[in-house]
Amino acid sequence: MSTYLLPDQNAYFHPTSINDENHIQTEKQESYNNLLATLPKDKGWRSETVFLYKGFWLSSQVVRGLLLIHKHFNPQPTDIFLSAFMKCGTTWLKALMFATANRHRYKFSDHHLLRTGPQSAFPFLDTHIFLDHPITNFDHLPVPRLFATHFAHGLLPTSITSTCKFVYVCRDPKDVLISKWHFMSKLRSKELAPLSFNEAYELFCNGVSEYGPFWDHVLGYWKASQESPDKILFLKYEDMKREPAVELKKLAAFMGMAFTAEEEDQKVVEEIVKLCSFENLSNLEVNKDGGGVQMFTEKVVVENQEFFRKGKVGDWKNYLTEEMKDRIDNITAEKLKNSGLTLGITK
Ligand code: PAP
């Protein structure tokens, strides 16, 4: 049974079983291996290799997850996806979306999130899809079903992107680089040589990192949000840090669950902001050393505490030289030119 679902959701959770599974598995494995063999490769941050699949660098496991999503995931018009490039704020948004959707269900003093942490609040589809292999049935999740993904907009099936709502969060790429290098270094196989910061920097600037290029990821969602603002809410980590209550109200309205005047009087917005703050979540037992873990694949198990590091804007200043900073800012300016989006402007 999955580690990602709420206990009370698990009670309704039925993975579909397939007869003659071994035979099907062997056939699938062969065609999947054949596909990987045809894809361009480069150095991975966590594992040895990443594969360029339809313009994005993916680990072999998530290529498999993506194929399974295309084949088996049944989107519902009420589904809401949380999407982000890695280290842009998924953990925070997971908490905020879950707390918003379930605000009538739990007391803030005895909230489900306090026991489980945000990571377990709803499924991370990219890997969850094959955790309960071969096909996970999500039909019995409460409505709206919430899912998280790191996949680029263009990689997801149009059945999902044309049907479901998306909350997208992005962040200054310089802070993303620092956060991702720390996180991936912890997860990197001990059998591999460590990835030096300078090497990670070069790879990042060249677009080579899991789910990257970063800029193409952001632009894909940005353009889609411009075309269909009712379908995609585009948020920035820095805005959320500056004015969390304002951004939370936008989020709730987009989810179709706007706060009422009465709720605002009762300070529900402030309660949710406090519940989901870095300070509160990172100090929970479940998110500390020896607390909970997330099982992404049979081999990739990550402690909850790894999702909380500093939670600040501008930590890149402790790592990047002026020259390094200028190079990333110039790439960002060039890539986002004429898009109307600005990101990571340093005042
Ligand atoms: P993921 O891509 O692995 O899911 P994600 O949650 O998107 O990670 O990003 C983690 C970053 O968000 C970390 O940033 P840092 O390395 O710069 O510190 C983490 O500290 C930060 N973070 C986690 N929870 C919160 C929160 N509640 N508020 C603000 N930042 C947070």
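The protein chain has a mean pLDDT of 90, and 90% of its residues reach 70 or more, where pLDDT is the predictor's confidence in each residue, from 0 to 100. This is a predicted model, in which local features need pLDDT of at least 70 and side-chain atom pairs count only at pLDDT 80 or more, while totals for chains, interfaces and linings use all residues. Residues are numbered from 1 along each chain as its sequence is written, and side-chain values use heavy atoms, with hydrogens and water left out.

**Confidence**
- Over residues 1-21 pLDDT stays under 50, and for this stretch the model has 57 contacts beyond four places in sequence, a contact being heavy atoms within 4.5 Å.
- Where pLDDT is low, the predicted coordinates should not be read in detail.

- Strand β6 (residues 165-170) is largely enclosed by the rest of the structure, because five of its six residues are buried; buried means under 20% relative accessible area, with exposed over 50% and partly exposed in between (1.4 Å probe, protein chains only).
- Strands here are DSSP runs of E with at least two residues, and helices are runs of H or I with at least four, numbered from the N terminus; two strands pair if DSSP finds at least two bridges between them.
- β6 pairs in the parallel sense with strand β4 (residues 80-84) over five bridges, and V167 in β6 is the bridge partner of L82.
- β6 also pairs in the parallel sense with strand β7 (residues 232-236) over five bridges, where L233 in β7 is the bridge partner of V167.

**The largest cavity**
- The structure holds one cavity of 30 Å³ or more; on a 1 Å grid over the protein atoms alone, a cavity is a set of points where a 1.4 Å probe fits but cannot get out, a pocket is an open set with protein on both sides within 12 Å along at least five of seven lines, and lining residues have an atom within 4 Å of a point.
- The largest cavity contains about 50 Å³ of space, a volume being the space filled by probe spheres set on the points, which are joined across faces, edges and corners.
- α12 gives the largest share of its lining, four residues.

**The largest pocket**
- About 1000 Å³ of space lies in the largest pocket, and of the 50 residues that line it, the closest to its centre are K87, T91, Q119, F183 and F307.
- The largest share of this lining, seven residues, comes from α8.
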